[in-house]
Amino acid sequence: MADNSTTNNTINKSWRPATNLVRGGTNRSNFAETNEGIFLTSGFVYETAEQAQRAFKGEEDRFIYSRFSNPTVGMFEERMALLENAKACRATATGMAAVNAALAASVKAGDRLVASKALFGSCDYICRELLPKFGVETTMVNGTDLDEWEAALNKPTAAVFMETPSNPQMDIIDIEKVSKIAHKVGARVIVDNVLATPILQKPLEFGADVVIYSATKHIDGQGRAMGGCVLTNDIEWSDGDLKQYMRHTGPSLSPFNAWVHLKSLETLEIRVQHHCRSAQKVAEFLENQKVIKKVLFPGLESHPQFALAQKQMSGPGTVICFELEGNMARTFRFMNAMNLIDISNNLGDAKSLLTHPATTTHQRLTPEGRLEVGITDSLVRLSVGLEDVEDIIEDLDQALKV
Ligand SMILES: Cc1ncc(COP(=O)(O)O)c(C=O)c1O
């Protein structure tokens, strides 16, 4: 949560989750506004030089500078923490800033990081290329194989990083089992929960130590604002290494974007449930199409980790991954034939979006690296939007015939 935040005058921790999504963290100013205020200010003023001195010494609880904390950002952090049942939340400018901050504040030269191989392209870059440049030894494992985690986590390790479901292939990793293995060697378990959303999966309840979000995705959900956050119950780490890293390197969320995300949280659950219902119908439609080789969606019994998805997720998710028969030209023909669904690399939007991971989000991996994690040239990722599901299915149906 925000440092130096003012006393929160409307918070009630006993509210139920749906109420917290609408009201949690609200901090009214003296103007008694109904809607949360946007405090679009870089700095704050002091009554005296002594007060400024006390603030910088940490002797007075107040806002200092929006790189450190801000009232609107603080409301977003408080609401996210309530949603996740976490003791601390630190908001970031993007989801990648959250991934980077959580990892940078967990490892140092000489430390080990163990991560699952099936990662979003930028997460893969941080684990496989960036951190090793700073002397961190990274081991990548097949996240769905517990034996690989056991083998890699056989010596002291500072951090474990995973995405579940993974982007784009929808691999599901057993958070509870991997956390147990990781904790034996002292690793901090960091879960990128972007595809599951905070509505469908709560990694902290399964033993993870840190949860990451790109708020750019379902939290905003309407394609407007970038954002992210790091959530944890480890107050010592949050108030220590993580806070220092964020204060001094500046990946802070803008107050305006925090306000957009606050507004979006009010409808997050309703939107995610609608996305899930539509995604289930679309996945079932796709599974019955002859020109589709395979469909990967956690709500289908054919998903390799269907049972695990049922255990740790309360819904199937909003993203479907599928592979067409034929080559890349055939796949591009299908994508270019869309009338309603847009081609875009984003996901979790009200608009249905179609991505070709091999040439966009994962283009910087080698062809072998892509194949190792199941990203072929005929694989597409569909983020199912909030349009009428029959229109989405009709669009896919006509494009599959082209
Ligand atoms: C799984 C996952 N993690 C992190 C990110 C990064 O989020 P952002 O684009 O907000 O930096 C993305 C973006 O696509 C993602 O899919």
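Select T197 to begin, and you will find this residue in helix α8, which spans residues 197-200; helices here are DSSP runs of H or I with at least four residues, strands are DSSP runs of E with at least two, and both are numbered from the N terminus. The structure is a predicted model, in which local features need pLDDT of at least 70, side-chain atom pairs count only at pLDDT 80 or more, and totals for chains, interfaces and linings use all residues. Residue numbers start from 1 along each chain as its sequence is written.

Staying on T197, inspect the backbone, where phi is near 70°, a positive value in a residue other than glycine. Most residues other than glycine have a negative phi, and most peptide bonds are trans. T197 counts as buried because 24 C-beta neighbours lie inside 10 Å; the term buried requires 20 or more other C-beta atoms within 10 Å of a residue's own, with C-beta atoms placed from the backbone.

Next, select the loop between β4 (159-163) and α7 (175-184), where P165 lies. The peptide bond leading from T164 to P165 is cis, with omega near -10°. Moving along this loop between β4 and α7, select P168, which is joined to N167 by a cis peptide bond with omega of about 10°.

M170 is buried, since 27 other C-beta atoms lie within 10 Å.

Now turn to helix α4, residues 95-104, and colour the helix by burial: ten of its ten residues are buried, so the helix is largely enclosed by the rest of the structure. Among the buried residues of α4 are G95, M96, V99, N100 and L103, together with several alanines, including A97 and A104.

For the last stop, select L21, which is found in helix α1 (residues 17-23) and is buried, with 22 other C-beta atoms within 10 Å. Leaving aside residues up to four places away in sequence, L21 touches L83, L265, E266, L268 and E269, where contact means that the C-beta atoms of two residues, placed from the backbone, lie within 7 Å. Finally, draw a distance from L21 to S254: the two are 233 residues apart in sequence and 20 Å apart in space, C-alpha to C-alpha.

Notes. Buried ≥ 20, exposed ≤ 12 C-beta atoms within 10 Å, placed from the backbone.
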